[in-house]
Amino acid sequence: MRRSGFFTKKLNSFLMFSAIFCFSFLPGYSNEVENHSENHAEIADSAAVHEGVNSDSSHAEHGEEKFNASELILEHIADSHDWHLWGHTSVHLPIILYTDKGFECFSSGKFNHGHDKVVGKHYTYAIEHEHIKVVNADGTINEEASKAIVDISITKNVMSMFLSMIILMLIFTSVASAYKKREGKAPKGFQSLIEPIILFVRDEIAKPNLGYKYARFMPFLLTIFFFIWVNNIIGLVPFFPGGANLTGNIAFTVVMGVITFIVTNVNGNKSYWKHIFLPHVPWWLYPIMIPVEIIGVLSKPFALIVRLFANITAGHIIVLSLICLIFIFKTIMIAPVSVGFVLFMDVLELLVAFLQAFIFTMLTALFIGTAVAEPHGDH
Amino acid sequence: MDIVTPSLGLVFWTSISFLLLLFLLGKFAWKPIMKALDERERSIEEALSSAEKAKEELARLNNESEQLLKEARAERDLILKEAKQLRDNTIAEAKGLAQVEANKMIEKAKVEIDNQKNAALAEVKNQVATLSIDIAEKVLRKQLEDKSKQENLVADLLKEVKLS
């Protein structure tokens, strides 16, 4: 038994418990630790030594030293410049940098899992905890220049997003063509699976919140709903085409929240703005009320951003933590417990995936609804 | 914290992707889908409302025919009733007339019979009187052919007178 094998970053995905059980018994699997460039050789050596000695106490020490659950979890929910598949195999994604001297484009494989430095057209680069840094001629990191570069690489999350776009386009263009082909007829096949969801968005989300103006915002609401939902589900798939934690990434939710904010305020009518800047209170309360109203306007998308981010990230952290229990307790006996809980969490997460997409869309519709609502008699 | 720091690259790609997706899906998916859904809903609604209308029309027609039938029945009943009454009246009237006529005739007949009877009786009385006189004449003639007998008779008669 090579338990040290458990402690490597072979957890290519947080749900591959079965794969973990299989791989953990494979000889030689335990020798690599990725993304820890400096420690790599040293750890591999010591692992070899421990294998030779096969002493339980040193094993424990070794594990103590190597396995850091929080680091592993954070690494798994974070974005990455290459897409880890299994063992040593990963898909190298393109790195695109915008520097003060122009664009720079190369494969992330050149970093060799962070071991090597890449000499680009303008600078020499190193990768450190998924951050690309500019390296000086003497090998030290140039923080000044590092701050100036903008990393717009096609990362794992971006790839996952592109995948979701392809899926969405395939699904909905085929459904749309089904509508054209079977005009006026009852839905059939895949169309009848999608139609109730579209009707759900229309009748349960758009119409109650937007009233008769719903039609204008339907494309936006439907896109938001399906985009978030599909990405939530892709995030739950533990192996290759899935596994990217896109909807649990703050950058993604920020963009969605900001877009909602823009759509809401661009469509805000006179009574909406009047409500903010000329609220229905005595004039001397304006210095208090107007800032409060403005905070209200800003906090709405902020709540959306944080809600989606926190819900999805929390779900992933729980699942990963449950898997990590096996390695923390260092016994396979805990695995059935972990697997049981992970199964439970996954089913729950499926619900959450839908629920969060629904809530995001629902609140977006609500915010737009308040912005476009006709003024009431008393206001 | 890395986890709550939005990375510019992902923000950039997400914005582009979402806007692109919104545009593409809006053009190639949502527009035809929503249009088809609306159209289908409208046609369903129309079909339902026309069905409702047809149902109403049918109900109205039914109602009308029912009404007509009812009226016809009432009329028939009325006519029958009237006819019956008329018949009864006629019969009663006829009966009354007949009775009166019969009574009259009976009365007349009685009078006639009485008259006839009286006439007959008078005739008979005359006849009897004539016959009696004839017979009495004949008897008297025969009786009084003889003188003695005449005397006897007178005597008898006288006797009787005395006695009375």
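**Figure 1. Lining of the second largest cavity, to which helix α9 of chain A gives the most, with 4 residues.** In this predicted model, local features need pLDDT of at least 70 and side-chain atom pairs count only at pLDDT 80 or more, whereas totals for chains, interfaces and linings use all residues. Residues are numbered from 1 along each chain as its sequence is written, chains are lettered from A and ligands numbered from 1 in the order in which they are written, and side-chain values use heavy atoms, with hydrogens and water left out. Helices (DSSP runs of H or I, at least four residues) and strands (E, at least two) are numbered from the N terminus.

**Figure 2. The buried residues of helix α4 (69–77) of chain A.** Buried means under 20% relative accessible area, exposed over 50% and partly exposed in between, with a 1.4 Å probe and protein chains only. The buried residues of this helix are A:Ala69, A:Leu72, A:Ile73, A:His76 and A:Ile77. Seen down the axis of α4(A), these residues fall within an arc of 125°, so they line one face of the helix; the arc is that of the directions from the helix axis to the C-beta atoms. What covers them includes α11 of chain A, where contact means heavy atoms within 4.5 Å.

**Figure 3. A salt bridge between B:Glu41 and A:Arg202.** A salt bridge is a side-chain nitrogen of Lys or Arg within 4 Å of a carboxyl oxygen of Asp or Glu, and in this pair the closest N and O atoms are 2.8 Å apart. B:Glu41 lies in helix α1 of chain B and A:Arg202 in helix α7 (190–210) of chain A, so the pair joins two chains. B:Glu41 is partly exposed at 30% relative accessibility, whereas A:Arg202 is buried at 2%. Both belong to a network of salt bridges that also links A:Asp203, A:Lys207 and B:Asp38.

Figure 4. B:Arg40 counts as buried, with a relative accessibility of 11%. Neighbours within four places in sequence aside, the residues in contact with B:Arg40 include A:Tyr179, A:Lys185, A:Pro187 and A:Glu195.

**Figure 5. Two loop residues of chain A, A:His129 and A:Lys330.** A:His129, in the loop between β6 (124–128) and β7 (131–135), has a positive phi of about 50° although it is not a glycine, and A:His129 is exposed, with a relative accessible area of 63%. A:Lys330, in the loop between α11 and α12 (335–372), likewise has a positive phi, near 55°, and counts as partly exposed at 26% relative accessibility.
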